[in-house]
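I opened this entry to record what I looked up in the model. I began with the overall fold and then went to one helix pair.

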Amino acid sequence: MATRDRPFEPVDYGLYALTVIAWSASWFAIELQVGSGVSNEVNLVWRFAIATLLMFAWAGFSGRRLRFPITDHLRFAVLGILIFSSNFLFFYYGAGYLVSGLLSVVFSLASVINMLLGAWSSASARRRAFSPAASSASPE
């Protein structure tokens with residue numbers, strides 16, 4: 001059985017629960033930062049700078065590899081811009097108009113939605129790769 005196909009183990013569920021809890025608690029940081037007199041974009045730069053330092057420290061202490069091909073770095077940049085940076089910026093602007101409890105619920109569901117989109121995109125990629133039309137087409 002391939003590593004990617006293995007069933008979830010208890011530690012996987014624990015890590016997922018930790019992610020949902022951490023993302024659900026993000027409303028508190030957003031609530032403190034929005035309306036503080038500092039622009040939302042500057043708040044995000046500081047938030048992601050701190051997160052970057054923590055992630056590099058964690059990777060260093062755990063001996064994780066941080067060298068990736070340039071194509072992976074391009075994918076990381078696109079994900080960072082589309083999923084994280086713009087997502088957080090929209091939430092910061094939304095926090096000026098919505099109650100923090102609603103933001104907490106939506107924020108905690110973001111990881112679930114990302115997981116479902118990942119499963120959907122993987123399934124559609126497999127269907128395209130193994131469809132009868134794709135396999136019966138002859139190259140010319």
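I took helices (H or I, at least four residues) and strands (E, at least two) as DSSP runs, numbered from the N terminus. On that basis I counted six helices and zero strands in the chain. Along the sequence I read the pattern α-α-α-α-α-α.

I noted that this is a predicted model, where local features need pLDDT of at least 70, side-chain atom pairs count only at pLDDT 80 or more, and totals for chains, interfaces and linings use all residues. Residues are numbered from 1 along each chain as its sequence is written, and side-chain values use heavy atoms, with hydrogens and water left out.

I checked pLDDT, the predictor's confidence in each residue, from 0 to 100. The chain has a mean of 78, and 82% of its residues reach 70 or more. Confidence is highest in α3, at a mean of 89, and lowest in helix α6 (residues 132-136), at 51. Over residues 134-140 pLDDT stays under 50. For that stretch I found one contact (heavy atoms within 4.5 Å) beyond four places in sequence.

Next I looked at helix α3 (residues 40-62) and helix α4 (residues 70-95), whose axes come within 10 Å and cross at roughly 130 degrees. Axes are lines fitted to C-alpha atoms, for helices over the stretch in contact, and angles run from 0 to 180 degrees between N-to-C directions. I listed the contact residues as N40, E41, N43, L44, R47 and F48 of α3, and F84, S85, F88, L89, Y92 and Y93 of α4.
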